[in-house]
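Student: Before we discuss this assembly, could we set out the terms and then work through it by question and answer?

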Amino acid sequence: MTSSDPILSINDVSLVFGGVRALSDVSFSVQKGELFSIIGPNGAGKTSMLNCISGRYHPTSGSVHFKGQDVTGLKPNARAELGVGRTFQNLALFGHMSVLDNIMVGRHHLLKNNFLTGPLYWFSGAQKEELEHRKFCEDVIDFLEISHIRKATAGTLSYGLRKRVELARAVALRPDLILLDEPMAGMNLEEKEDMARFIIDLNEEWGMSVVMIEHDMGVVMDISSRVMVLDFGRKIAAGLPEEVMANDHVKKAYLGEEDDEDDSVSGKVA
Amino acid sequence: MNFELLFQLLLNGLIVGTLYGVVAMCFVLIYKSTQVVNFAQGEFLLIGAWVCYAFLVEFQMPFWLGFVFTLLFMMAFGIILQMVILRPMIGEPIISVIMVTIGLSIFFQAATKWIFGATTATYPQVFDTRTISLFGMQIETAYIMSFVISLVIMAAFYWFFKYSKLGLAMRATAFDQQVAQSLGISVKTVFAMSWAISALVSGVAGIVIGMVNGVSSGLSVIGIKVFPAVILGGLDSIIGAIVGGVIIGLLENGAEFVDGQYLHWGNLFSIAPFYVLIIILCIKPYGLFGTKDIERI
Amino acid sequence: MSEPARKIETAPPLLSVNNIEVVYDDVILVLRGVSLDVPQGSIVTLLGPNGAGKSTTLKAISGLLKTEDGEVTRGEITFAGQPISNRYPEDIVRSGIFQVMEGRRIIEDMTCLENLRLGAYTRKDKGVKDDIDMVFDYFPRLRERTGLAGYLSGGEQQMLAIGRALMARPKMILLDEPSMGLSPLLVKEVFGIIEKINRDQGITMLIVEQNANFALKVADYGYIMESGKVVLDGTRDELLNNEDVKEFYLGGGSEDRKSFKNIKSYKRRKRWL
Amino acid sequence: MAGFSMRPCGDFRTTYRQDTRIFDTTFVRNAAILGIVAVGLIPFVLDGYYVNLFIQISYFAIAALGLNILVGFTGQISLGHAAFFGFGAFASAWINNHTGIPVLLSIPLAGMATAAVGLLFGLPAARIKGLYLAIATLAAQFILEDFFARADWFTGGSYGAAANPINVFGYEIMDDFSFFYVSLFFLVIMYVLGSNLMRSRDGRAFVAVRDHYLSAEIMGINLTKYRLLSFAVSSFYAGIGGALYGHYLGYVSAEGFTILLSIQFLGMIIIGGLGSVKGALMGTVFMVLLPEVMETGVSALSVFDWANSTAVTDGLAYIKEMAIGLAIILFLIFEPDGLAHRWQQIRAYWKLYPFSY
Amino acid sequence: EDSVFVGHLMDITGATGFIGKFYADGVRDALSYIKENGGIDGTPLEFESVDYAYKVPQAIANYKKWRSRNNMIAMQGWGTGDTEALISFVAKDEVPVYSASYSGHLTDPTGKNPKTAKPAPYNFFYGASYSDACRAMVQWAAEDWKKKGGEGKPVFSHIGDNHPYPNAPKEACAEYATELGFDVTSPVVVSMKPGDFKAQCLTLKEAGTDYGYLGNLGPSVVSLVKSCGTVGVDPTWLANIWAGDYETLKTIGDVDNYVFPVMTSFWTDEGVPGMELVRKISMESDKTGEQFRTHHYIRGICSVYYMKEAMEWAKENGGITGANIKQGMYARTDWVPKGLEGVCMPATWTAEDHRGINTVNIYSGEAHGGDVKVTKLETVTLPRRDDWLGY
Ligand SMILES: Nc1ncnc2c1ncn2[C@@H]1O[C@H](COP(=O)(O)OP(=O)(O)OP(=O)(O)O)[C@@H](O)[C@H]1O
Ligand SMILES: Nc1ncnc2c1ncn2[C@@H]1O[C@H](COP(=O)(O)OP(=O)(O)OP(=O)(O)O)[C@@H](O)[C@H]1O
Ligand SMILES: CC(C)C[C@H](N)C(=O)O
Ligand SMILES: [Mg+2]
Ligand SMILES: [Mg+2]
C-alpha cells in the first residue's frame, strides 16, 4: 500500500498570525498511497496545516514539498494543477451552482476549452470535451451516491449532503493528494460508515494519498495508516494509530481520561 | 509657486472636505448596519434642505424652530421610508436593495423638482452667514459651524457603534441578517433606526450646504461626490469617512491649483479625486481604515 | 442507565409541533407532517440522516425559515400554549426560544466578548456581566481569544455559539449539531455542560445530533426523522434498545463495534417507511 | 426531494449531450427558434415605433448581457458599464471614419478595443473586491466620460462624432427596417455565444469565483485571470452594443454615456435576474418599455380636459420620472430575484402541475 | 397636405430645465395659440412637445420617431448638443430646425467660411449667436474699462463647463477680446451642475480677472457667483443670454456688475405694440394673465412666429415642405412677424448667412437682498464679418 518516496513533506513549518502561533516547527511527511490523519484539540492548528499545504496560507518559515518539488511559494491554483485537492471544514461549495457544475469545476484544470472556444461550443470541440469530462463526473456522482441531487442547487442542500458534494468536487480534480478537513462532521454512524468506505476506496482503488483531519477516533483508528497529533501548534506525537492512542499526553489533552467519561455525562447516565 | 493661493485653496478644501465627511458618515451608518450603499443619499440632503426651506419661508418659522421641525421630519421620513420600502426588502440580495435606493433617488429627484421647482432657492438670512477672515481667506461661519458639528457627530457615531447595544446589533445585522434574527434582534427596528439616524444627519448636512450655496436639485450631486470619500476612508469606518472627506476636499482644491496654475486642462478639479481613488485602492484595497474581509476557510 | 427520567410524561409539553408541513421557495416540500412534543424541563433529541429535515424543523420552530424563503404551510407549533408558527424570529426569541444554528454562525467581525454581549440582546436585567464570566468558566479557552471571532478555530467557534445561547437565558434552547467539529474531549464537556445547564437552570433542550451515542445519553426522549417525516420515536431506553437504532445510529456498543475498515459494502439505506 | 427534477414526466435523457443543452427540451428549443422567427416578422406587422423599440432593446440587451457576465456571473459590481458602451460607440465610429474599414467589421474591432480598455480598468480587480471595486468602476466611469469630452482626436470632444451607417454589400442600411435585421442578427449571435460561454469551462469558473473565490482558487482557478477576463468579456459585449448604437443613431455624443445609463444597465440585469442569460434580455425589455409605457399612460390622460393645462402637463413630466423610479422600487419589492427567477418558478409550477408540491 | 406637424423638443426636467421650462412654455403657448387660431393660413397645425431632459440620444431618437411616425415638417429644438448632433440629419431630411441653441456653428449654411466643419443649411434660430452676443459684450467692456480709467490691459476669462453650449463662443469671443486688447486667461472650467465653486473663484482671483464670461446657466451660475462673493472675488460678469434674467439675479441675491444680452422686449415694458399678442399667447397656459414671463419665454414666441410666417410663405409658394420653408426664411429682410412689432427685433436670413440678428441689447443687472434692478446699457450692432460666419 505505501511505498517509500514521500509525496508530501513538510519541513519545520511555522505559521504566525499577529500574536497567535498557529503552527510551530511542524515537520512530517506523507508517503505515496498513505492515509495520513491529523488529530488534535480544537484550535491546535490542524486546518492551518492543511491551508499551508493547499496554499491558502504561506508558512512564516519552513517549506512544503510536493512530489519532490518545493511548492512553498506557489499559489493555490498552481498546486491544484500539480495534484492537490481538498475539502473544507466550513463548507465552501459554490452555493448557486448545481451539484453537477460544482463537480465540473473540479475538472477545471483538466479541461482545455476557454473563453474563445467555449462560445463556439459546437465547432471548437468544446462540446465534445465537456461531455467527456461530464462522464467522469457522473462516475464520481455514482461513486458517492449523490445522483438524486445532481441537479439541485448546492446552497439548498442539507449539511451532510453538502459535505459529500465537496468530496465529489475534490475527487473530480483527480488529485494525487487529497486533503480532507473533518469529512465526517455532521454525519450519523451509518453515513460515517459509508464515508469511511469512500475514503478507503479513494485511497486504495483510485490510488490517492490522503491527509485527513477527523475528530471521530473510531474512524481515525480504523482507517488511517499513520496519525499525527497537534496541540497548540506543536506536533506532540506521531506514528501508528495504536501507538498514538496509547500516548499519555494525547489521552489527556485530546481524548480526555477514558474512565472520566461517565462522570462528565453524569447523573442519569451513571 | 504661489503659496498664498495654494494655502487658501487647501484651507477651502479642508472646510468643504469636512462637509463631505459628514455626508460620508451618513453613508457609512447605513452601510455598517444594513450593508446597503444608499444611492439616494444626495436626495436625503436635498429633502432636508428643502423641508427646512419650506418651514422657514413658507411657514415663516424662526430658524431654531424650523430646524428642529426639520430634524423631526427627517427622522419620521427615514422611519417611514424604511417601513414602506425597505422593510419588504429585508433578506433580499443586497444588490437588489441597492437598486431600490437608486429607484428612490430617481423618484425623489423628480418629486422635489416638481414640488419645489428647478430654481435655486436662497435661505432667508435668518442665520448669520457672515464670513470671517482667516489667514486672508474668507470663510463662511456656517462652514465653521459644520466643521464643529461634524466632529461632534463623528464622536457620537464612534461611541455608538463601539459600545451601545443598538450599535452592536446594527453591526450584527450587517454581518448576517439571519444570525441577527436568531439572536432576537429585530432587523426591522435596526433598519428603521439606522435609516432614521442617517436621514436626520443628512438633513443637517443639507441645511448647512443649503445655507451657503442655496438649495437646488443640484445639491444632490454631493451624494455621488462622497463616494470617493467613503471608499478612501474605508466603507465601514466612521473616522475613515471624515478623513476620506477631508482628503477629497484637499485633493479637489490641490488639483484646481495645479490645473489653474500650470496644466490648464480644465477639469482636473472634478476628475483628479477619481484617479487618486484608484491608485489608493490598489495600494490599500480596503481604503485607509476599512476592515478587511475575513478570508478564512 | 436505569434511573427514570424526570416525570416528563405528565409534564405539559412546553413546545409542541403538530403535523407541520414546510415548503421552501413556494415549491419544494421538505417536511411532510412532522409532529413532536418537548416537555418542560426535558432534553429531547432529534436524529436522522442527512437531508431528513432536522434543521428545517428547528428553523420552523425558531421562525428562521422566513429568512430562507421557507414557510410552514400546514400544522401548528405552540410554545407554552401560544401558537408561534410563522411568527417573526425576534418575537420567538423574546418568548424564550433560542436556536444555536448549524455551522456555528458567529459574527466573525466582532470579538468573542461582543458576540456574547449580543447573545444577551433581548435581556433587560443587570446580570449580563456575571453570565459572561459564567460562559468563560464553561469554556476557559475563549477567555484568551481576544481577537476577532472569525479567526477562531472551528471548535472554538462552536463553543462561542453555545455560550452565546446561554447569554440569552432562554426557556428553551434548540441546538443544531452542537458536537460537530469538536474534539472528543470537548464533546464530552459540551454534553456535560448541556446536561448541567438543563439541570441547574431548568432550560428545556431540543437537540439535533448526529452523535447519537451522546445525544441519547443526555436525552429523555428521542425522535428519528427521515425524508421529512418522523419515523420512530420513544424514550431514551426504548430507542437505545431498538435494533434498527442500534445498527444505524449507535453502532452496537463499544466492545463489539465492527471496524470502519472492514465495512466492505455500502449500507443499504434503511427506510422505515 | 421534489423539485430537483423539474422537467416533464416522460422526458428521459439518455445522453449527456441532451442534458447540457441550452434549452431543456426540444420543445423549448423549437419554441425559441419560432420566437426568433416571429420577432423577425415584426417590421412587417408593426409600425416604425415598435421597430425602433426593438432596435433599442437589442443593442442594450447585448451590453446588458455583458454586464451580467461581470456582475451576475462573476460577482463584480460595475458602475461604469455605460462608459464602455460609449467607448465601443466611439471606437467603431473612429475606426470606420479613420481607416475606412467597413462598419460591419469595425463593430467587432470596436468590441475588441473596448475589451482592452475594460481589461485596463479591470486591473484593480486583481486586488479590490466587492463595493470597493464597484466604486473603482465608478471612477472608471468618470475618467472615461472626461476622456470622451476631451479627446478631440478620437471622439470629436464635446461635439461628438458622426458614425456612418452600416453598409452591407454596397447597400446602405439607413432605415430602421433594415437595421432591425442587423440588430436581430447581432442579438442572436451574441446571446448564443454568451450561453455557450456560460455552460463551458470558463463560464463555470466565473460563477465559481463569484460564489466562493477562496475555494475556487483551491480548485485550480486562477482568480486574477478570471476576474480580469470577465472585465474583458463584459466590455467586449458593451463595445459591440455601443458600436451598434452609434451606427444606428448616426452620431455619437460625449454626453450620452453617463452614470445614469450605467445605473440603467444595472437595473436591467437586476430586474431581469442576476446570473441569468435570458434575464439580461428580459430586464432590458422591461427597462426599455417602462418609460414608453409611462409615456403612453401619461398621454392617455390628455383626453381629460384638466390634464391639458401646462401646470398639469409639466407635472406629468415629473410624474413620469417618479413613476419610473416607483416602478423599479415596486418591482424589486415584489420580485427581488428578477424576472428570470419568476419565469423558472412558473415553469416549475406548470411542469409539476397538478402535483405542484 | 391636410395638416402640418411640428416636433417640439424641450428640457423641463433635465440639466437645463431651470431655464428650459420658460422657453418651452413660450414655444408651447405660441404653437397652441396658432393651432387654435387658424393654423397656418387655414392648414391645421399639429405638434407634440417632448421633454428630452437635455439628453442628446433622446433628442435624436425623438427626431427619428417624429420623422417616421408623424411626417414632421419642421422642428422647434432646444440644446446646442442635440441641435449640432442633428445638423446632418436635418439637412438630409430637409427639416428646418428652429432651436434655442444660439451656437455660432449653426450660422454658416453653405460652408463659406473655410473654418466651418459642418455646413448647417436647415438650422435657424432667432437671436444673436452666443459668439456675437459675447463679442458685443466684450466690445462694451473695452469701453467700460476705459471709462472706469482702468490701468493696463483688462483681463478676460471664459468660465463654463466643457460642453457644447458653453464651448460654442469660447474661441470666437476670446479671439475678439484679444483683438480688442484684452489679456485673455485660459478658460476656467466650472461644472454645469451646481456645487461649491470657491476653488475656481480663487483661480479667478489669482488670474486677476476683470471681466468673466459666464457660459453656464441657472443654478451653476448662481453657485459660482455666490461662491465668488464669499471669497471676495467680484469681476464684472458677462453672462450669456440664458444666464441673464430676473430669476437668476434674484436667486443670486447680492451682486453688482452683472451684464447680459437681451433679444426681445421685457414683459414689463410699456407701450410695445406687440406685447398685446404676447399677453394673449400667455393666456394659453395662464388664464389669469397675471403670471410674470421671462424674456426667454418671449424669445420662444418669436422663434415660433418666424417659423409660422415662413410656413405661410411656403404654402403660397408650392406647399408646406421643409425646402419651401427654408426659402420662406430668405423671402424677407429686416423681418418682424406680424403682431409682434417691438417684441422681436428685425431679422434677416440669407441663403449664405444664417446670422438672423447682429444687434445686441446689453443690459446690466444688480441685486441687493433679492431686490433686482435691471438697466439698459447700450445697443451694439456688430458687423457681419465673413471670418465670423459659422463660429
Ligand atoms: N487567518 C487567521 N488569522 C488569525 N488567527 C488564525 C487564522 N487562522 C487560524 N488562526 C488561529 O490559529 C489557531 C489554529 O486554528 P485552526 O483552524 O488551524 O485550528 P484547528 O486545529 O483546525 O481546530 P478545529 O478542530 O477547531 O477546527 C486558532 O487559534 C485560530 O484562532
Ligand atoms: N433554503 C432551502 N431551499 C430549498 N431547499 C432546502 C433549503 N434548505 C433545505 N432544503 C432542503 O430540505 C431538505 C432538508 O434539509 P435540512 O437542512 O433540514 O436537513 P437536515 O436533516 O438538517 O440534514 P443534515 O443532517 O445534513 O444537516 C434537504 O433536502 C434540503 O435540500
Ligand atoms: C443651456 C440652455 C439654455 C440651452 C441652450 N439652448 C443651449 O444652447 O444648449
Ligand atoms: Mg479546523
Ligand atoms: Mg441540518
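Tutor: A residue is called buried when its relative accessible area is under 20%, exposed when that area is over 50%, and partly exposed in between, with a 1.4 Å probe and protein chains only. This is a predicted model, in which local features need pLDDT of at least 70 and side-chain atom pairs count only at pLDDT 80 or more, while totals for chains, interfaces and linings use all residues. Residues are numbered from 1 along each chain as its sequence is written, chains are lettered from A and ligands numbered from 1 in the order in which they are written, and side-chain values use heavy atoms, with hydrogens and water left out.

Student: What percentage of the residues in chain C is buried?

Tutor: Chain C comprises ten helices and ten strands, where helices (H or I, at least four residues) and strands (E, at least two) are DSSP runs numbered from the N terminus. Contact means heavy atoms within 4.5 Å, and among the contacts in chain C between residues at least 6 apart in sequence, 67% join residues at least 24 apart. Of the 273 residues in chain C, the buried share is 61%.

Student: Which residues coordinate the magnesium ion (ligand 5)?

Tutor: Donors are N, O and S atoms within 2.8 Å of the metal (3.2 Å for Na, K and Ca), and water is not among the atoms, so sites may look incomplete. The two residues concerned are both buried, and the distances run from 1.9 to 2.3 Å. The donors are OG of C:S55 and OE of C:E102.

Student: How many residues apart are C:S55 and C:E102?

Tutor: C:S55 sits in helix 1 (residues 54–62) of chain C, whereas C:E102 belongs to the loop between strand 6 (97–100) and helix 3 (112–119) of that chain. The pair thus links distant parts of the chain, and the separation is 47 residues.

Student: Which parts of chain A does the pair A:T47 and A:Q89 tie together?

Tutor: The magnesium ion (ligand 4) is coordinated by A:T47 through OG1 and by A:Q89 through OE1, at 1.9 to 2.0 Å. Because the pair lies 42 residues apart in sequence, it ties together helix 1 (residues 46–54) of chain A and the loop between strand 6 (84–86) and helix 3 of chain A.

Student: What is the radius of gyration of chain A?

Tutor: Chain A has ten helices and ten strands, and its C-alpha trace spans about 65 × 45 × 40 Å along its principal axes. The radius of gyration is taken over C-alpha atoms, and the globule rule is 2.2 Å times the number of residues to the power 0.38. With 270 residues, a compact globule would be near 18 Å, which agrees with the value for chain A, 20 Å.

Student: In which hand does helix 3 of chain A pass helix 5 of chain A?

Tutor: The axes of helix 3 (residues 99–106) and helix 5 (residues 159–172) of chain A come within 6 Å and cross at roughly 35°, axes being lines fitted to C-alpha atoms, for helices over the stretch in contact, with angles from 0 to 180 degrees between N-to-C directions. A crossing is left-handed if the near helix is turned anticlockwise from the far one by less than a right angle, and right-handed if clockwise. For helix 3 and helix 5 of chain A the crossing is right-handed.

Student: Where is B:T70, and which residues is B:T70 in contact with?

Tutor: B:T70 has its place in helix 3 (residues 63–86) of chain B, and at 0% relative accessibility it counts as buried. Leaving aside neighbours within four places in sequence, its contacts are B:G48, B:V51, B:C52, B:F55 and B:I207.

Student: How far apart in space are E:Y130 and E:G104?

Tutor: E:Y130 is in helix 4 (residues 130–148) of chain E, and with 4% relative accessibility it counts as buried. E:Y130 and E:G104 are 26 residues apart in sequence, while their C-alpha to C-alpha distance is 6.4 Å.

Student: Which chains share the most contacts?

Tutor: Chain A and chain E do not touch, their nearest C-alpha atoms being 32 Å apart, and no contact joins chain C and chain E, whose closest C-alpha atoms lie 38 Å apart. Of the eight pairs of chains in contact, the most contacts are shared by chains A and C.
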